[in-house]
Amino acid sequence: LCRGGLAERLCRLQNRERSAISFWRHQCISDDKTPSDKSGVLIVKVLEIFEECTIQVAICQQLELQSPVMLSHEDAVISAEEPILKVLFTRETAAHLKSRPQDVIHIYPPWQKLLLQNADVPVIMNTYFSQKVLLSEHSEAREKTYGLTKMLIRKNIISLAQTFRLDDLDDKLHQEPSDNQVACAPQIPNKGDSKQHPLALSAVNDSLLEMVESQGAVGWREVQVRVVIQRVYCLPAREGYRSHTQGNKPLCATPVTNSDPPNVRLCLLVQDAYGMFSEVQLQSLSSTDGIELYCRRWEGKSCCLAGMKILQRTTRGRALGLFSLIDSLWPPVVPLKVPGQSQDSEMMTTNLPPPSFCYILTVQSGEIHVEVDEEEQISNLYQPPAVHGLKEILQIDGCNKRCSFWAQVLYRRLQTKHSVPIDQRDILLFVTDSTLQNVVHGIPRVVAVSVTALCVLSMEIGEALSAGSRLVFFKDALWGNGRIICVERTVLLLQKPLLCSAAGADLSELTGPVRLDELDSTTQANSICALRGTVVGVNESTAFSWPTCDRCGNGKLELCPQDRELLYCNQCSEVVTTPVLKMQLEVFLSCPSRSQSTVKVKVWHEISVALFVLFTMLLFLQTYEVQSVLGKEVGLLNCYVHSITSHPNCVVLEEIVLL
């Protein structure tokens with residue numbers, strides 16, 4: 001909205017009005033009585049109710065109070081002089097009052113009386129501050145029987161011919177068929193009729209915005225809207241708007257190494273026929289198993305939403321991650337419907353501005369909310385993820401662009417932020433594909449993908465990466481500022497989706513061995529590379545070794561209580577007779593590609609075969625002098641680059657094992 005414009009001023013006025021109404025109702029409920037101030041209060045008795053143009057019209061008889069302090073309508077008497085009143089209630093007020101014939105309603109100021117020309121019945125408007133009053137002895141019985149009875153409210157359907165006063169009016173238009181009656185009270189389903197779906201009783205709409213405007217934020221009743229599921233993903237419960245958490249325990253988002261089940265919420269990104277997007281937050285999941293199945297079964301299918309309520313109306317500035325995903329699905333691939341025009345009128349999708357706001361919806365407990373027609377064909381409005389090669393992604397201009405790719409994970413590393421709990425740290429995945437392995441110069445052969453704590457990883461992905469190198473499909477990752485980041489609403493899958501747009505990208509799998517870039521002047525920190533060089537020094541003061549369990553790898557062995565000469569493993573609860581000795585030491589290399597830098601490499605006993613043979617005798621048996629190993633050639637070693645500094649000019653690396 002334009003700042004200071006009429007629309008923004010009207011929006012603020014409506015917000016203040018809703019706040020005043022909500023505060024007044026809350027005050028009445030908390031006081032558990034009707035307001036004591038009776039000045040200007042209009043008291044009416046409902047005689048008949050019908051609905052016209054979404055407004056509830058109540059034909060009422062005005063009552064009078066014998067005393068201004070009397071609160072019950074027992075003290076009200078019918079005035080024969082007062083005419084019958086026609087009271088208008090909005091949809092929200094009518095839903096709050098749940099009025100029925102013979103009910104007595106107190107209408108508090110500022111109500112207004114409108115006298116129409118050529119009409120004898122005055123109209124009462126601005127009835128927002130209204131309260132239904134019941135007899136104390138009958139209130140409990142009325143509440144119990146209210147939901148068990150079915151009351152019909154007559155709907156006066158005004159045709160367009162009547163509205164525009166066309167000459168060819170049909171007499172049948174003035175008749176009120178019995179089919180134009182709908183139930184305003186909850187209907188009791190017939191247990192014997194199992195074939196009738198509860199959602200089949202309500203009308204189907206195709207506009208999210210119309211549903212929001214007509215139903216409001218309190219919830220959709222007896223109506224549903226038909227949308228297309230564009231994406232299925234999970235969000236951490238703490239990321240969900242106003243989601244409930246259990247206790248004060250922090251919720252983890254990417255517990256690859258955590259065995260506790262994550263608290264996540266299944267979400268849908270849906271789009272209606274007019275191009276409007278909405279995020280639907282469904283039930284919380286105790287496990288991330290099955291996310292891939294939901295994606296394969298639901299994406300691209302049409303579904304009907306019912307029983308929704310609005311959590312938040314968010315904008316582009318408040319939810320950059322959500323709108324980056326929406327922008328990747330814009331413009332639509334098929335023409336959209338035009339609001340306010342016939343259903344056959346469609347609008348071309350070229351030069352359409354992207355959506356500027358989005359409604360976050362959630363389900364109401366105890367109701368059926370989402371009905372997905374899995375047997376239906378894929379909708380033409382659905383846009384599958386556009387798959388690109390990593391080489392093409394690295395050449396994309398701009399930032400905050402969603403991208404999808406198919407890559408092989410070579411190495412996984414948990415980022416070391418000691419102030420952050422281990423189950424909330426970001427993960428670095430080093431990946432490659434055929435488009436990078438065939439590159440000669442200018443583009444790295446391996447790319448780092450940062451998986452943030454907001455990206456929910458399924459249990460299948462965590463187990464697969466722990467087992468070894470796997471091909472992983474990254475759907476809707478974020479590219480910007482030279483980095484690929486898996487943020488909220490990014491999904492990692494072990495299988496390619498059934499529908500994806502390759503756009504001519506080379507998606508062939510790797511056939512030969514994986515090659516890493518060698519250490520040179522372009523190597524950056526937090527990357528992996530191949531290293532070769534000549535040994536120029538050994539840091540003997542930092543070398544140490546420790547025994548580990550040969551069964552589970554536990555490095556914290558203790559002396560056996562029965563035999564102090566043996567080691568004992570607490571994890572296996574057994575004596576370790578043949579422990580595996582691990583060793584760590586730092587060596588200094590001279591590399592031709594970094595001739596001006598000091599290259600320090602941290603190597604491990606079990607990892608490095610070349611250096612293990614070279615230094616085991618030196619450090620533990622002490623049969624060789626340090627001078628006897630200096631000048632030896634080492635390589636190629638796969639290393640992770642910890643840091644690169646210019647003052648002093650030093651490169652610190654650590655030997656790693658690829659998955």
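## Strand pairing and salt bridges in a predicted model

Strand 27 (residues 528–548) and strand 33 (residues 633–646) run antiparallel and are joined by seven bridges, where strands (E, at least two residues) and helices (H or I, at least four residues) are DSSP runs numbered from the N terminus, and two strands pair if DSSP finds at least two bridges between them. The structure is a predicted model, in which local features need pLDDT of at least 70 and side-chain atom pairs count only at pLDDT 80 or more, while totals for chains, interfaces and linings use all residues. Residues are numbered from 1 along each chain as its sequence is written, and side-chain values use heavy atoms, with hydrogens and water left out.

Within this pairing, L531 has L637 in strand 33 as its bridge partner. Five strands close into a barrel in the order 27-31-32-34-33, with mixed pairing. On average, neighbouring strands of this sheet are turned by 40° against each other, direction ignored, the axes being lines fitted to C-alpha atoms and the angles running from 0 to 180 degrees between N-to-C directions.

Side chains of opposite charge can pair when their charged atoms come close. A salt bridge is counted when a side-chain nitrogen of Lys or Arg lies within 4 Å of a carboxyl oxygen of Asp or Glu, and by this rule the count comes to eleven salt bridges. The table gives three of them.

| Salt bridge | Closest N and O atoms |
|---|---|
| E8 and R12 | 3.4 Å |
| D103 and K132 | 3.8 Å |

E8 and R12 both lie in helix 1 (residues 6–31), four residues apart, which is about one turn of the helix. With a relative accessible area of 13%, E8 is buried, whereas R12 is partly exposed at 46%; buried means under 20% relative accessible area, exposed over 50%, and partly exposed in between, with a 1.4 Å probe and protein chains only.

D103 forms a salt bridge with K132, and this pair links distant parts of the chain, since D103 is in the loop between helix 2 (91–97) and strand 5 (104–107) while K132 is in strand 8 (residues 130–133), 29 residues apart. D103 is buried, with a relative accessible area of 1%, and K132 is partly exposed, with 22%.

D206 counts as buried, at 17% relative accessibility.
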